[in-house]
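Subject: Structure handover

Hello,

Here is the structure I said I would pass on.

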Amino acid sequence: MNYRIPEQTIDQIRQSTDIVDVISEYVQLKKQGRNYFGLCPFHGESTPSFSVSPDKQIYHCFGCGAGGNAFNFVMEIEGVSFVEAAQKLAKSSNVEVEVPEFTATEQSGQSKETKWMMDAHLLLHKFYHHLLLNTKEGQEAYDYVTGRGFTDETLKKFGVGYALNSWDFALKFLTKRGYNQQLLEKAGLLIEKEHTAEYFDRFRNRIMFPIHDHKGNVIAFSGRVLGEGEPKYLNSPETPLFNKSKILYNFHQARPHIRKQEQVILFEGFADVIAADGAGLPNGIATMGTSLTEDQARIIRRHVEHVTICYDGDNAGIEAAYRAANILIQQGCYVRIAMMPDKMDPDDYIRSKGSDSFKQDVIGASLTFMAFKLRYLRKGRNMKDEGERMRYVEDVLKEISMLTKAVERDHYLRQLADEFSISLDALKQQQFQVYKSLLQKKDYNEQNRINIPNKPKIFTQALKPAYLNAERYLLAHMLKDRAVSEKVQASIEGAFIIEEHRAIATYLYAFYEEGYEPNISIFMERIPEQALKKIISELGMLTLEDELSDAVLHDYMKQVFNYPKLLTIKEKEQDKKQAEAQNDYLGAAQIAMEIIQMKKELKQ
């Protein structure tokens, strides 16, 4: 059954919504001129090609062609129906929308199976949380987590819970409520005994950390063993809901703080994120117990440029930080590394030395990636040995050669010269030789293109034929001005050459005939074809003169009118050549006269 939100309500939502605010929840936008630009959330890129117009309330990506208004954006980014997108926008704008419950899965196309899996996770999450905070069975677990510095406020904010030391608690709890055992196993909540078709709980006697997707839905768990035991942390397996390479812990709660502070802190573990939040750093996120992936780095970069990595202070943490930094830099991030002393982890540091020390002496004292590299390259080297020192200097010169800013290169060369009492001129000369050597490598330019994250993107397109440009600008002016549309309709209705342009013009004529005033955002809502919406959003981003003169309008329409005649002239010229080849000079002369007449008509 289909459900339509009343047009009056949609208008209210639209008027209460600013597309820049909506998209800023998902993409870091920067104002350039009248529009805002950022990295497109719909395809991978390292330089911005995604434009948002606050005047027209539309967006368009010049890279992949995605475009639309606020409703379209939410539908695409969240994978939901128009009704659900309207509900989300209404909630943000404090507009009341009453939608029957049955539409939730029907409108979005979300499978009943997926919904059941999500519902099962949410139900179990709530009960785990209740067990920890309100029952005798959870008292030992509660004492443990509060002993680790967790407050009730923290436990509630992060939904921390406790799984009973039972083989079948979750099994009985969920099957009594109608959930299928096979489905629960597929969701990662149960484990099937080998060759028995019997099931038992995946999580037992563990502190439970719910894992949310970026929309805030519980989709998995990570359980820390209570007391001794292996594994220390047990995570949900990969499921239809949970892909750990694309999920970042606490991202759904940290996102508004990341956007506000224009910085994110990347941790290794859940406990570090929670401890940092308690220390007054709510912009922390963590990977899912694995190394940072390219997908996760792309998600981070879409929302923020500045990333501070704060991993454990042991060798494994330092190696992981180095790898993560390189991946983030490839995506165009500015990276700093917060060094943990004495092989500590952030959670331990905060509990032992306090929040202020962590913020000032660790996060506040974070190193640039280059400064971190200098420490990294020293690791395991005997700097008292002359040969080791020289190899270290050579390695550092390679890293300096990859820096794009002359001031940075000069800074680190002087630092190297002072530390090892080497002539600055000699270092500069050797660094230039290293640079030339790197340039000669075939893949050097491609490898280092990523080191210029703010390099302007140049959109190179083939020159469009005159008639095509004329049609595009005609439509762009028609979208902006009803009077222009009426003039075009009266003069060349149906004469657009490009099929998609004819369709857009037809929709636009009907739009104005229904009494609407020019509004590209509202117009796009009435277009059923996604391909046409992309074209309209691109047309909406064209830079136009404030007023279209009659002379320019006539010239545009003339280009459209003349194109079929130009094709006919080309055909006639071929016919003339063929007649001449057959010695039909009388026929060739007659065709030549026709060509002359048609060319005269083109000039009128």
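The notes below cover a sheet, some salt bridges and a surface patch.

This is a predicted model, in which local features need pLDDT of at least 70 and side-chain atom pairs count only at pLDDT 80 or more, while totals for chains, interfaces and linings use all residues. Residues are numbered from 1 along each chain as its sequence is written, and side-chain values use heavy atoms, with hydrogens and water left out.

Sheet

An open sheet is built from five strands in the order β13-β12-β14-β15-β16, with mixed pairing. Its edge strands, each pairing on one side only, are β13 (284–286) and β16 (367–368). Helices (H or I, at least four residues) and strands (E, at least two) are DSSP runs, numbered from the N terminus. Two strands pair if DSSP finds at least two bridges between them.

Strand β12 (residues 264–267) is covered on both faces: Val264 and Leu266 are buried on one side, and Ile265 and Phe267 are buried on the other. Buried here means under 20% relative accessible area, exposed means over 50%, and partly exposed is in between (1.4 Å probe, protein chains only). β12 pairs with β14 in the parallel sense over four bridges, and with β13 in the parallel sense over three bridges. Isoleucine 265 has a bridge partner in each of these strands: threonine 308 in β14 and glycine 284 in β13.

On to the next pair: β14 (residues 306–310) and β15 (residues 334–337) run parallel and are joined by four bridges. Histidine 306 stands opposite tyrosine 334 in β15.

Salt bridges

A salt bridge is counted when a side-chain nitrogen of Lys or Arg lies within 4 Å of a carboxyl oxygen of Asp or Glu. The count by this rule is 29 salt bridges. Three of them are described here.

Glutamate 388 pairs with arginine 391, with the closest N and O atoms 2.6 Å apart. These two residues are about one helical turn from each other because they are three residues apart in helix α18 (residues 386–401). Glutamate 388 has 18% relative accessibility and so counts as buried, whereas arginine 391, at 42%, is partly exposed.

Salt bridges with shared partners link Arg148, Asp347, Asp348 and Arg351 into one network. Within it, aspartate 348 bridges to arginine 351, the closest N and O atoms being 2.6 Å apart. Both lie in helix α15 (residues 346–353), three residues apart, or about one turn of the helix. Aspartate 348 is partly exposed at 29% relative accessibility, and arginine 351 is partly exposed at 38%.

Glutamate 198 and lysine 193 form a further salt bridge, in which the closest N and O atoms are 3.6 Å apart. Glutamate 198 is partly exposed at 43% relative accessibility, as is lysine 193 at 36%.

Surface patch

Asp481, Glu545, Asp546 and Glu547 form a negative surface patch. Patches are made of residues with over 30% relative accessible area and no salt bridge, with like charges joined within 9 Å and nonpolar side chains (Val, Leu, Ile, Met, Phe, Trp, Tyr) within 5 Å. Lys and Arg count as positive and Asp and Glu as negative; His and the chain ends are not counted. Aspartate 546 is in the loop between α26 (530–540) and α27 (550–581). With 71% relative accessibility, aspartate 546 counts as exposed.

Regards

Definitions and conventions: Accessible areas come from the Shrake-Rupley method with a 1.4 Å probe; for residues, only the protein chains shown count as cover. The place of a charge is taken as NZ of Lys, CZ of Arg, CG of Asp or CD of Glu.
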